[in-house]
Amino acid sequence: MNCHCVQEMLNIPDDKEVIALVGNPNVGKSVIFNKLTGRYVEVSNYPGTTVDVNYGFYKDYVIVDTPGVYGISSFNDEEIVTRDIVLNTQKIINVVDSVHLDRDLFLTQQLIDYQKEVIVVLNMVDEVEKNNIKIDIEKLKENLGVEVIATSASKGEGIDKLKEAIDKNLFKKGKSTPNLEKILESEGKKFSWESLAEAENVFSSSVSELQENIYALRRTYVDEIFNKTVKFDTKKLEFKNKLSQVLINPVTGIPILLATLYIMYYFMGVLVAQRLVDFTMNTVMGEYYLGFIKGIVGKFVSNLFLQKIIVGNYGILSMFPIIFFGLLFPLVVAFHLFMSILEDSGYLPRIAALVDRVFNKIGLNGRAIIPIILGFGCVTMATMTTRILGSKRERLITMFLLGLTIPCSAQLGIISGLISRLGFWYLIAYILIIAFIFGLVGRILKKVIKGESTSLFIDLPTLRVPQLSNVLKKTYYKSKGFLTEAFPIFVVATFVLGFLDATNLLHTIENFAQPVVTGFLKLPKEITEVFILSIIRRDYGAAGLVTIPTTKSQMFVALVTTTLFVPCITSFAMMTKENGLKYSVFVWVSSAVIAILVGGILAHIIL
Amino acid sequence: MTLDMISKDQEVIIKSIKSKTARVYALRFGINEGSKVKCVAKINNGPIILRKNHQEIAIGSGLAKQIEVETQK
């Protein structure tokens, strides 16, 4: 069984045996992973998916932290990655949440049925008492037939026992679900983990009757184990459950959501985009760095054309580093910091429940809020995560709306910074216009795009105070991923623009676009550069706005138009990959038309 | 009656779930036909939030209409 497949899949050293950490989402796998592996963490992007897999070392083992799943199947990318790792690993540490044991035991029993050698980590035992739950660990051990270790990983409790269990190799095959053999035999199959995997449809995203029968049998069996080992009383529920209801109830939930968005705007738009960026972009990069680099280039390069390309207005060593490091870097880190906190707190699925009703009106369910919110980080990444949505129709609608209306993290930061200078009412007007277009286009797409939409069906994880170390780690990896991906595109974009500028072609394009830009949109002709940059990257385009002098109303028109303007080159490529060229060209052209139309109408009203 | 008709704090038993996919999803979450669940929150014309033991699940109204339930006396 140990064929080094996981080592090959993840490109990790094959002289060490793999232990996979497997569990439902939000059960504390990553915390246990960190406690076991210390700081030696490597990240591997799983081929063909958006999913990153962390791995680290514990003595002679490679510990692989798999994405959280509810079962071994193929309903989404996370499940496919976990499925592949589990099927190719013999030793598994299965982390379960003590408070949600009845739910989590399904996966535990599935791993046992697949004849894996398992150690069960009963995590968050400290929350058991607070929730009036009593778990008979010895009985649980006996029923499952594997080692069960109680931990409260965030406090570091029980980790020594887990390490001892790994050192002593207490991994064991447990007791499989009774009557499983009978079901397989009735289908003419001999019992083995391979035939079980096939019968359970683990390689397909569709569901079968046989799979359902096996699931039902396993569910009944784990419910029996749960009833024998766990005593609970849900009458006296903890504060968290009440808070959860407050977040979902529209009367209280909507003001809390608005307050959260306001905090995000204040944090990104005021604290970071204005105060911090003012220091990093204007002082550090604009004064010290630019002076320094111009001095050096001036000494060694005498050709004026080359000087313009290197350190001119759009120079590869002037504009690029100033915008990339001075402006984008702080904004991207700030956004991911905020998002990681939201993700780890368990608030996102509650937002999904809260907005479900509104989203139904545009042919989506509340789950689509997750790619939409991620779109505020990076539309390209969000386009990929539309895979979590249940139907093709939902994916097409969401991708269109992402490409049209959602500004990415850096663009959002710049917009927030610019708009807060215009004043509060401009902010409100901006939100209302973009939200109106979002709703209107969504309604039209719902009517136009054929197919079916699925209903919301989402697990609401326990609310938690996010762990600082986890939040920082996530922020680090996500920002790093985003910036490494953006770097080469920025270099090329700057070079193209620098070249256009140095050869005066920029001027020609500006003149060509003049009837639309200065005539219809009533904006300064330099805004054309912003549109050109936006095609390459939206955030880069928005950054260009900072340097162009405009009136307040012109700035407002420019902000609305550039927000709605075409998706950037990378999201265009991603859309093409997911849905074909015809669809992405359609989105691109329609966004340009809608942006110019809305901007023009607005200009004629307020200018 | 169907799940979308129940009110907050009401306890019901799941009788049947029409969609095969939803049935498989529900089984993994810990809910099967015969499960006793409680409605802990309900958004008008929107999702129903169910709790079984300590597990909370939000179910959209479209799907809730396809789930037959029996009230607890």
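The model is predicted. A search of the whole structure finds 19 aromatic pairs over all chains, and two of these pairs are described below. The second largest pocket holds about 1500 Å³ of space.

**Aromatic pair between chains**

- The ring centres of A:Phe457 and B:Tyr25 are 6.2 Å apart and the ring planes stand at 55 degrees, so the pair is tilted.
- This pair joins two chains, because A:Phe457 belongs to strand β10 (residues 457-460) of chain A and B:Tyr25 to helix α1 (residues 20-29) of chain B.
- A:Phe457 counts as buried, with a relative accessibility of 13%, a value that falls under the 20% limit.
- B:Tyr25 has a relative accessible area of 26% and is partly exposed.
- A:Phe457 and B:Tyr25 also belong to a cluster linked by ring pairs, together with A:Tyr70, A:Phe75 and B:Phe29.

**Aromatic pair within chain A**

- The rings of A:Phe531 and A:Phe565 have centres 4.7 Å apart and planes at 65 degrees, so this pair is edge-to-face.
- The pair links distant parts of the chain, 34 residues apart: A:Phe531 is in helix α23 (residues 527-536) of chain A, and A:Phe565 is in the loop between α25 (552-564) and α26 (569-579) of chain A.
- Both A:Phe531 and A:Phe565 are buried.

**Charges over rings**

- B:Arg28 lies over the face of B:Tyr25, at 5.7 Å from the ring centre.
- In chain A, A:Arg218 lies over the face of A:Phe106, at 5.3 Å from the ring centre.

**Second largest pocket**

- The second largest pocket, with about 1500 Å³ of space, is lined by 43 residues, of which A:Leu258, A:Leu261, A:Phe376, A:Ile431 and A:Ala435 are the closest to its centre.
- Two or more lining residues come from each of α12 (250-300), α14 (319-345), α15, α16 (369-375), α19 (409-422) and α20 (424-448) of chain A.
- The most is given by α20(A), with 11 residues.
- The lining comprises 38 nonpolar, 4 polar and 1 charged residues.

**Residue A:Asn360**

- A:Asn360 is part of helix α15 (residues 348-360) of chain A.
- With 28% relative accessibility, A:Asn360 counts as partly exposed.
- Apart from neighbours within four places in sequence, A:Asn360 is in contact with A:Asn365, A:Lys446 and B:Ser61.
- The C-alpha atoms of A:Asn360 and A:Ser453 are separated by 8.7 Å, although the two residues are 93 residues apart along the chain.

Notes. Residues numbered from 1 in each chain as written. Chains lettered and ligands numbered in written order. Predicted model: local features only at pLDDT ≥ 70, side-chain atom pairs only at ≥ 80, totals over all residues. Heavy atoms only, no water. Helix = DSSP H or I, 4+ residues; strand = E, 2+ residues; numbered from the N terminus. Buried < 20%, exposed > 50% of the residue type's maximum accessible area, 1.4 Å probe, protein only. Contact = heavy atoms within 4.5 Å. Phe/Tyr/Trp six-rings, centres within 6.5 Å; stacked < 30°, edge-to-face > 60°. Lys NZ or Arg CZ within 6 Å of the ring centre and 35° of its normal. 1 Å grid on protein atoms, 1.4 Å probe; cavity = no way out; pocket = protein on both sides within 12 Å on 5 of 7 lines; lining within 4 Å. Points joined across faces, edges and corners; volume = space filled by probe spheres on them. Nonpolar A, V, L, I, M, F, W, Y, C, P; charged D, E, K, R; others polar.
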